[in-house]
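The sequence and structure come first, and the notes follow by topic.

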Amino acid sequence: MDMSEEEVWQHGKYNNLVKARSILCYWAVRELGESMSSMARKFKISTVAVSKSVKRGALIIKEESLKLIS
């Protein structure tokens, strides 16, 4: 995404930031087993916002054929 880790955690609704956070939320929740409430606390957002990010992240990952490398 061509951004630093610090940028991903900052507040804002810039397109690249939303995209990066959505992908991160999807992988954290769906692939790595992190809870939505835990991600909400980390991002200082609601669990509903995390849920929407997970859904958005799933679409982005599918559209761009992204894979999590562990």
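**Pocket and helix briefing**

Two helices, α2 (15–31) and α4 (47–64), each supply at least two residues of the lining of the largest pocket, helices being DSSP runs of H or I with at least four residues, numbered from the N terminus. This is a predicted model, in which local features need pLDDT of at least 70 and side-chain atom pairs count only at pLDDT 80 or more, while totals for chains, interfaces and linings use all residues. Residues are numbered from 1 along each chain as its sequence is written, and side-chain values use heavy atoms, with hydrogens and water left out.

**Largest pocket**
- The lining of the largest pocket includes His-11, Lys-13, Arg-21, Ser-22, Lys-52, Ser-53 and Arg-56; a pocket is an open set of points on a 1 Å grid over the protein atoms alone, where a 1.4 Å probe fits, with protein on both sides within 12 Å along at least five of seven lines, and lining residues have an atom within 4 Å of a point.
- The largest share of this lining, four residues, comes from α4.

**Helix α2**
- Among the buried residues of α2 are Leu-17, Arg-21, Ser-22, Cys-25 and Trp-27, where buried means under 20% relative accessible area with a 1.4 Å probe and protein chains only.
- The buried residues of α2 pack against α1 (5–9), α3 (36–43) and α4.
- Just after α2, Gly-33 takes a positive phi of about 80°.

**Ser-53**
- Ser-53 lies in helix α4 and counts as buried because its relative accessibility is 8%.
- Leaving aside neighbours within four places in sequence, Ser-53 is in contact (heavy atoms within 4.5 Å) with Ser-22 and Cys-25.

Key: Buried means under 20% relative accessible area, exposed over 50%, partly exposed in between (1.4 Å probe, protein chains only).
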